[in-house]
Amino acid sequence: MSSEKAKGIIAGAQGNLMTVEFEGIIRQNEVVYLSTGGKNLKGEVIEIDGRKAKVQIFEPTRGVKCGDAVEFTSELLSVELGPGLLQNVYDGLQNPLEKIAEENGYFLPRGVYLAPLDQSKKWDFTPIAKTGDTVSAASYLGRVPEAVIDHKIMVPFGFNGNAKVIEIKPAGSYTINEVIAKLQDESGKITEVTMVQKWPAKFPIKVGTRLFPDKQLFTKCRIVDGPFPVAKGGTFCTPGPFGAGKTVLQHQISKYAETQVVIVVACGERAGEVVEILKEFPHLDDPQTGKKLMDRTCIICNTSSMPVAARESSIYVGTTIAEYYRQMGVDTLLLADSTSRWAQALREMSGRLEEIPGEEAFPAYLASRIAEFYERAGVLKNPAGDTGSLTIGGAVSPAGGNFEEPVTQSTLAVVGCFLGLSRERSDARRFPAIDPLISWSKYLDRFYDEADSETKARIDVVRLAQSMILEGDEIGKKMSVVGEEGVSIDDMVVFLKGEFYDSVFLQQNAFDSIDTSSDRKRQNEQLEVVGEVLRKKFSFQSKEDARKFFLSLSDDLIQLNYIAKETDDYKRKRESILATVRGA
Amino acid sequence: MIKTYNSIEKVKGSIAQVRAEGVKLGELAEIKLRDGRSTLAEVISFSGDKVNLQIYRGTRGVSTGDQTRFLSKPMQVAFGDSLLGRVFNGAGEPVDGGAQVAEEKVEIGGPSFNPSKRIVPKRMIKTNIPMIDMFNTLVRSQKIPIFSIPGEPYNELLARIASQTDADVIVLGGMGLKFDDYEFFYRYFTKTGAMEKTTMFIHTASDPVVECILVPDMALAVAEQFAVKDKNVLVLLTDMTSFADAQKEISISMEMVPSNRGYPGSLYSDLASRYEKAVDIDGSGSITVIAVTTMPGDDVTHPVPDNTGYITEGQFYLHNGAIDPFGSLSRLKQQVMGKVTRKDHGDLANAMIRLYADAKKAKDRESMGFRLSEWDRKLIKYAVMFERDLMDLSVNLDIEEQLDLGWKILSECFAKNEVGLKAEWIEKYGKWK
C-alpha cells in the first residue's frame, strides 16, 4: 500500500451519502474525514466505482458543498481496546459522551471526536510474560485491575506469527500509551506494545478455539431460566410489540445475569431509558462482586435522535468491546436494544444507494448481516487456556407486533433461544410478558444431556409444566366457548395447574425488591413445590372447590416470592405450603 | 456575494432543479416566480452543479425562466419573547397580520441532546383531568401522543391540557389543520388567557405540503431555546399523522423506495428525531411534548401509530369521548405516583382499574341477559359512577380531590374487604363510616 493517503473532493451529496471524486488508492470501508465549515466529519467508504466513491457520513451533513475536501485515512472503522472501557458511556463511534458533555455542554456538536480511553490515568501493571518468552497474537503480557475485572494486556490480535519478548516493564503504574513491552518477530522487526490496541469493528476477535456452549447463563428471571434457558456463549432474541416490556426485561437481565461484564447497546431507542441505566447503575450493588453494577457495565448509546448512520456502527463497536473481554477469559453479555433500529439504518442507506430492495424495502443482505452479528457470540478458549464467553441478546421491535416481518424472521433463523413477548400477556398484566405458548430454547435439551441429577429433576418439572400450559391453553379455549360446564373436572384441574404454574413461577414482579431476581437455588426450591402440585392426583368434589384450592395455593406461593430467601419466615411458609399440598 | 440564476431545468413533485455552483446542502434559496410571488426553497441534494431544491410553497406555477437566489444560510426561525402571542406559518412567516419578528435567529433541526446530560424525570404535570393525573400521570419532559380516530375531541383535550397546566411557555404546532381547528385553538387560548404565553406554528390543509414538515422542527427549535433559558415548555403537535403523510408524499415524489404502506423507511427516525427533543435539562427548563396521532381506521398497527408507540413514553387512547383506562399508559407514572403524590395513589389507581375491568365484564353479562349476582350489581353501580365522576372529560379536580373522590366511590359501592387494598390505606384514606 502506498504511504501517500488518498484525497478527494465532494462531487455530489444527498442526505448523508456523498459522492467523492478521489485520487490515490482507497479501501472499501475505510474511514474518511470530510472537512466542511471548519469541521471534520467522520465517514466511511461504502462503494467504489472508478474514480468516484460513495461515502456515508456519520453526522449531520448540513452545509456540505461541492468541492469540499475529503481525506482518506486508509484505516477501517476501529475500536480502541484497553483498560478503562468499563463504567463508560460511548456513542456509536466510541466517543465518550460524558467527556463531550464536559467540554461542549448540553448538545452533541458535530465533528468532535475525543479519545475513548482516559489518556492520563495510571494503571497498576503487573507483568505476566518474561523477557525471552515466545508469544503470539493474544498472548498475555501483563494484567491490570480494572473495576471488577482482572484485565489482561495482550499481544495485539493482528500480530502475525511468533515473537520474542525482548523487553517488558516491571510492575508499576503506567498510562495506556506508555510502551510496556517490546517484541521481536522472526524477521527481526521490533514492535512496541502499549496497553491499548485498535481493532476494526466489523471483524470478529477470535484467537483460540471455539467451544460448544453447554453451560447455562442464569438470568434470575424465572421464565427464562426455567423453560427457555440461555447458554453462556449462546444467543437469544426478545421480539415484542411496543409496551410489552422488552426494555424492562433487558434491564432486568443486565442487572441480574450471572456474568462478569455487561455491554449494553442502546441502538436507536429512547434516550430516557439509557438515562435510567446511567443514573441507576452507579448506585446499585452487584450481588456477585459487592461493587456497583456500573463497574461491570459499558454502555454504547446511539439513541433514536442521534445520527442514523452511526447507529449501524454502534452494534459493531459494542460487539468488539465484548469480544475483547471474552478474549481475556471473561464471561460477557451483550444486550442490543433494538436490532430492528439497526436494520432500519441499513435500509435507509440501502435506499440511498439505490440497491434493489427486498421484503419491506430491507436490503437483500439483511439476513446475512443479522446472522453474522449473532455468530460473533460463542465460547472461546484463548491461547493461555482461559475460557471466556460472549452471550448476545437482541431486542426486536417488529412493526405492528407482527413476527412475520423480515427482521424477526431472519433473527429467529439464527438464535438459540426465542423469548417472544406478546400483547395478550402484557394486556393481562402477566409480566414478564414472554409468551410460553410461542417461545422456545434449543439449549434446554442440550443442558439435560449433560446435567447432574438436580438439574435433571429441575428440567423434568419444567417440561411437565410446559406440557400442562399447552394442554391448559386448549382447555381454556374450549371453556371460553362452551363454558365451564362443558369440560370435565379432570380437564379443569389440568387447566388450573397450568394457570397455577404460570402465576407462581413464570410471572415475576420486577418492581418488588425480593421477587425481582430469583437465583438458581430459590428457583429449584420453588420448582420442587410446583412439581409436587403438578404430579399429584387431586380429587375435588366440584370445580368450584378445585378453583378455590388452586387460587389460595397460588396466592400462598406468590406471597412466598416476596419473602427474602433463607429467612425463618421463608422456610416456615414453604413447609406449610408443602404440608397443604401433601394433605390435599 | 449573492448570485442569481435564471433558469430552472427540471420540475417534479415539490422538487426543482437548478444549475448552480458553490451551494451548500440545507442552504435556503429564494425563487421569484413570474407572477410576482416568491417562495423559499431548500437545497436537498446536488450532483456536480445540478442542485435539487425542495420548494416550500410547492412547484405549482414554477416556470423554467424563474430566478433563483441562494441565501447562504440554512432554514432559521426567529426567537425571542416577542414570539409569545403570535401565529406563524410553516415557513416562519407571521399569519396573524402582525409584523415580522426581528430578533435572533436560530437554526431548526439542530443537534441532539447529549444523553449523559439528561436527568430522570420526576416532576408531575397537573392537568386536573382524573384519567390523566390519577391513572396515567403526566410527567415533565414526557413525550406522549393521544391516539384517536378522526371525530374524537382530541384538539379540545389538547387545548384544555394546555390551558390548565402551569407551563411557562406553550408552543403549538398544527399540521394539516382545518381552518376551524386553528380558529378554535386561537379562541380557546385567548379566552383562557393562555395565548399570552403561546406561540403557534400553523400549517393548514390548504398550505403546501413541504411546510407541514417544517412545522414540528420550527416549534421544537423555539421550544428548545426557551427550555435552555430555564422555561418549562409544553409543545402540542396536532396531527402527527398529517406530518407522516407529508413525509410519504415527498419521499415518493423523490422516488424513494417505500417500506410499509407507502411510508418511507426513515419514518421511525423522522418521528423519533422530533419526539426525542422532549427533555428535562439538568439545572434548567424542560420540554414536554403532547401530540395527536389519528389512527386511520382505528388501527393501532398502522405504521404511524405503531412507530409512534415505539418512540413515545406511553399513550392516551381517546375513545368515545373519554380517555380509555385500558389502552392508555404513562411509562413515567412510576416516577411520581406515591412519591410526589399521596402515598396511596398507585395502589388506589391500580385497584380501581382492576375493579373497572371486572365491572366491564359484569356489564357484558348484563347485556347478554345473564342472571346477575349481588357482586355483579355492585360492579355495575361502580362502573356507572366511575364513568360519570372520573372518566368524563369535563371533570375538573385537583389530584387530592380526585383521590378522595376515588375512595368515596369505592366506599359507596363496596365493602372494605372487597376492594383488595392495603389495610393501612383503608384506615388512613378510606371513606367508610
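Student: Is Val462(A) buried or exposed?
Tutor: This is a predicted model, so the answer rests on computed positions. Val462(A) sits in helix α11 (residues 453–482) of chain A. The cut-off for burial is 20 or more other C-beta atoms within 10 Å. Val462(A) has 23 of them, so Val462(A) is buried.

Student: Which residues is Val462(A) in contact with, leaving aside its neighbours within four places in sequence?
Tutor: Ala69(A) is 393 residues away along the chain, and its C-alpha atom is separated from that of Val462(A) by 63 Å. The contacts of Val462(A) are with other residues: Gly226(A), Pro227(A) and Leu527(A).

Student: How are α12(A) and α13(A) arranged, roughly parallel or roughly antiparallel?
Tutor: Helix α12 (residues 489–506) and helix α13 (residues 520–535) of chain A pack with their axes 10 Å apart. The angle is about 170 degrees. Angles over 145 degrees count as roughly antiparallel. The two helices are therefore roughly antiparallel.

Student: Which residues of α13(A) make the contact with α12(A)?
Tutor: On the α12(A) side, the contact uses Lys497(A), Phe500(A), Tyr501(A), Val504(A) and Phe505(A). By class, the contact has seven nonpolar residues, one polar and one charged. The α13(A) side supplies Gln526(A), Val530(A), Val533(A) and Leu534(A).

Student: Where is Ala361(A), and is it buried or exposed?
Tutor: Ala361(A) is not a glycine, yet its phi is positive, at about 70 degrees. It lies in the loop between α6 and α7 (366–375) of chain A. With 21 C-beta neighbours inside 10 Å, Ala361(A) counts as buried.

Student: Where is Ser141(B), and is it buried or exposed?
Tutor: Ser141(B) also is not a glycine, and its phi is positive, at about 80 degrees. Its place is the loop between β12 (138–139) and β13 (143–148) of chain B. It has 26 other C-beta atoms within 10 Å, so Ser141(B) is buried.

Student: Which loop of chain B holds Asp239(B)?
Tutor: The peptide bond from Thr238(B) to Asp239(B) is cis, with omega near 5 degrees. Chain A has a cis bond from Asp337(A) to Ser338(A), with omega near 10 degrees. Ser338(A) is in the loop between β24 (331–337) and α6 (339–352) of chain A. Asp239(B) is in the loop between β16 (232–238) and α5 (240–253).

Student: What does Ala219(B) touch, not counting residues up to four places away in sequence?
Tutor: The residues touched are Val171(B), Gly173(B), Phe201(B), Val235(B) and Leu237(B).

Student: How are α8(B) and α9(B) set to each other?
Tutor: The axes of α8 (residues 345–367) and α9 (residues 374–391) of chain B come within 8 Å. They cross at roughly 115 degrees, and the crossing is left-handed. The contact has nine nonpolar, no polar and six charged residues. The helices are therefore roughly perpendicular.

Student: Is α2(B) roughly parallel or roughly antiparallel to α3(B)?
Tutor: Helix α2 (residues 154–164) and helix α3 (residues 179–192) of chain B pack with their axes 10 Å apart. The angle is about 25 degrees. Angles under 35 degrees count as roughly parallel. That makes α2(B) and α3(B) roughly parallel.

Student: Which element gives the most to the side of chain B that touches chain A?
Tutor: The contact takes 42 residues from chain B and 48 from chain A. The chain B side has 19 nonpolar, 16 polar and seven charged residues. The top contribution is five residues, from α7(B).

Student: Why is α7(B) described as largely enclosed?
Tutor: Helix α7 of chain B covers residues 303–311. Its buried residues include Pro303(B), Asp306(B) and Tyr310(B).

Methods
Residues are numbered from 1 along each chain as its sequence is written. Chains are lettered from A and ligands numbered from 1 in the order in which they are written. This is a predicted model: local features need pLDDT of at least 70, side-chain atom pairs count only at pLDDT 80 or more; totals for chains, interfaces and linings use all residues. Two residues are in contact if their C-beta atoms, placed from the backbone, lie within 7 Å. A residue is buried if 20 or more other C-beta atoms lie within 10 Å of its own, exposed if 12 or fewer, and partly exposed in between; C-beta atoms are placed from the backbone. Helices (H or I, at least four residues) and strands (E, at least two) are DSSP runs, numbered from the N terminus. Axes are lines fitted to C-alpha atoms, for helices over the stretch in contact, and angles run from 0 to 180 degrees between N-to-C directions. Angles under 35 degrees count as roughly parallel, over 145 as roughly antiparallel, 65 to 115 as roughly perpendicular and the rest as oblique. A crossing is left-handed if the near helix is turned anticlockwise from the far one by less than a right angle, and right-handed if clockwise. Ala, Val, Leu, Ile, Met, Phe, Trp, Tyr, Cys and Pro count as nonpolar, Asp, Glu, Lys and Arg as charged, and the others, Gly among them, as polar.
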